[in-house]
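Let's take a walk through this one together. Have the viewer open and follow along, piece by piece.

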Amino acid sequence: MPTRFLDAAAFAAAVLLPLAASVLSPGSGDQTRAAEAVVQVPASEMDFPLPGEFLRNSRPAPSPMVRIEVPSFEIMRRQVGLAAYGECVAAGACEAADAPQTEADVPVTGVSWIDADAYARWYAGVTGEPWRLPTAEEMAIAAAERFAGEAFSVAADDPANPAVGWIRRYREEAGARRPPDPAPRPRGHYGPNSLGLEDFGGNVWEWTATCYDRTTLDPTGEGAEGMTRNCGVRVLEGRHRAFMSTFIRDGRSGGCAVGTPPENLGFRLVRDVRPSLVARLRAFFFPQSDPAARA
Amino acid sequence: MFTRRQALLGAAAAGVLAPVLTMPARATAPASEAEIAALPRRKVTLVAPPFVHAHEQVASTGPAVIEFTMPIVEKPMVIDEDGTMLQGMTFNGSIPGPLMVVHEGDYVELTLINPETNTMPHNIDFHAATGGLGGGALTLVNPGEQVKLRFKATRTGTFVYHCAPGGPMIPWHVVSGMHGTIMILPRDGLKNEKGEALAYDRIYYIGENEFYIPRDADGNFKTYESHGDSYADTLEVMKGLVPTHVVFNGAKGALTGDNAMTANVGETVLIVHSQANRDTRPHLIGGHGDYVWEQGKFANPPAKDLETWFIRGGSAGAALYTFRQPGIYAYVNHNLIEAVELGATAHFVVEGDWNDDLMKQVEAPGPIPLN
Ligand SMILES: [Cu+2]
């Protein structure tokens, strides 16, 4: 089993490291801050198309579908708002977004992954809670029935003629084009999904913590022979999946596999569900049992 | 009527005078009105670019009078995916105006119509025509008028035509869309540098042009109610010589996606590229110009195997290429900022068998070996 597919160690590290921090420094939060409404996402499983690029027998291969299990977590019901982001800017911890100024309660747009990451760090600091960007897996689970994933069809292209795949993808891309609709809508405009998560799949694509990987599959397609990780490019989820360099703020300049490129780039944050006191004490006193400590 | 020129062409075709590619028709005695009236007449229905009306590559008859009709259409046009609006001015409703094709020695007879619904006088200056400001001096029509101009196609090649109503109106009408191309083929078709026949399976016509759209205080492109409203602001941007858009066929993306040009491996395509106002440098990514008439004039032998060719502002060129490999080809102005950021990109979708001999990915991308 290639570790990439569940990425167990990295995933656990992301989940557990902030927890340990909160055990060690309880009560450092700013209690006056209005809490963002959150959606509780129970521990879930789903068939998940792995993000990234895949090669099999030296040819591009469709993204493998794997069964993922994601522990329960909390996610902001709405994307981070322009006003909330503005507080981070005012605090000197975030760069001003490339977004039109408005009094309306719109999501922040015109933010790069670097901006989103800076906001997450700042917000975790001022709240004293382990807020962070979601992984692509978490975003998929939370998006539920609105999750789109890969935009390309899976087809048996001619292995002797790479152009067959290029042309098929090109035509799919052309067919998926629609007029851009970039004007930010008030938060809540696109409504909730079955979990109560609002606005996923609207005109704001959402940054995730997941890096872009190029994986060489073994000839069976079941495992991996090798993988190159590029964390200078991150996964965005939305109406379709996109991959962009971490400094890109305008989705239309960042490149997009298929369809109309993302109109806007934004984000929301997740927080790990506070474990039981027993689990926290165990993590504190027996860190060697914590996969994060081994990583 | 059997002219000395035709006699020479016949000799050339027989190989007697191989280096003499053409004999300029302008050297022959002027034809009388009666002689012109005796010529056959053919009516051509123009089609919108990038397509070209049906035509013979090698003329099967002698010279004729070729009749064209073009209405001038003033209308707002969307020029990019953001919906930016240009107060457009067009020949025949398209930017660029349609490609007209005749043969050397033919007479071009154009009926130019300026409908009452328009607001401005317009005319047409054919770079292919001789005298009268290319016809501009004889064709100025007000809204509600039409005019008929005849000129003799005396030189072969691809030539720009454009509106030139005088003074600052000239560049404004041109960068608002009033330009097109006429192609005058040698009667015996295109030839390589040895005088051997060249032919094409398909022809595409690309009119590149640049727009100068004014912006508001926030940097957003302004929309105007009318041509008149847009004029003063547009002129200011024009005088800065920094275009806001550089596009093919009137809009960003006009020749990509569902509108991409198509061809098959093994087919030979003639690409006619015009730019009425500003220099450009077409390049076919992954392909070449097998034979390129960079200056567009077929009396000169074509350059061969070009990577990028230069089209001078105010001219049209032609490139002949046989596709050898399938795939998506980008055809760009190889100022890549203009291609990618400002819009000067078109695509060819080419189907057929892949040729491993020409190119093969010997090893797919993967981690760098450690040893
Ligand atoms: Cu005009």
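This is a predicted model: local features need pLDDT of at least 70, side-chain atom pairs count only at pLDDT 80 or more; totals for chains, interfaces and linings use all residues.

Put together, the two domains of chain B bury about 3100 Å² between them, and 70% of that is on carbon and sulfur atoms.

Now zoom in on the metal. Which protein atoms hold the copper ion? The donors are ND1 of H122(B), SG of C163(B), ND1 of H173(B) and SD of M178(B), at 2.0 to 2.5 Å from the copper ion. Read along the chain, those donors follow the spacing H-x40-C-x9-H-x4-M. The first step in that pattern ties together distant parts of the chain, as H122(B) and C163(B) are 41 residues apart. H122(B) belongs to the loop between β5 (107-114) and β6 (125-126) of chain B, while C163(B) belongs to the loop between β8 (157-162) and α3 (169-175). Buried or exposed, where do H122(B) and C163(B) fall? Both H122(B) and C163(B) are buried.

What about the geometry? The angles subtended by the four donor atoms around the copper ion run from 85 to 132°, so the arrangement is tetrahedral. The test behind that label asks for all angles to lie between 85 and 135 degrees. For reference, the ideal angle for four tetrahedral donors is 109.5 degrees.

Next, step out to where the chains meet. Here 19 residues of chain A are in contact with 21 residues of chain B. The two chains bury about 1500 Å² between them, with 59% of it on carbon and sulfur atoms. On the chain A side, I167(A), Y170(A) and R171(A) lose the most area to chain B, together accounting for 32% of what that side buries. R171(A) also turns up in a salt bridge with E351(B), where the closest N and O atoms are 3.6 Å apart. The count between chain A and chain B is one salt bridge.

Finally, a look at chain A itself. Chain A has eight helices and 12 strands. Of its 295 residues, 48% count as buried. Take the contacts in chain A between residues at least 6 apart in sequence: 72% of them join residues at least 24 apart.

Definitions and conventions
Residues are numbered from 1 along each chain as its sequence is written. Chains are lettered from A and ligands numbered from 1 in the order in which they are written. Side-chain values use heavy atoms; hydrogens and water are left out. Donors are N, O and S atoms within 2.8 Å of the metal (3.2 Å for Na, K and Ca); water is not among the atoms, so sites may look incomplete. Four donors count as tetrahedral if all angles lie between 85 and 135 degrees; four count as square planar and six as octahedral if opposite donors are over 155 degrees apart and all others between 65 and 115; anything else is irregular. Helices (H or I, at least four residues) and strands (E, at least two) are DSSP runs, numbered from the N terminus. Buried means under 20% relative accessible area, exposed over 50%, partly exposed in between (1.4 Å probe, protein chains only). Buried area is the accessible area (1.4 Å probe) that two parts lose on being put together, summed over both. Contact means heavy atoms within 4.5 Å. A salt bridge is a side-chain nitrogen of Lys or Arg within 4 Å of a carboxyl oxygen of Asp or Glu.
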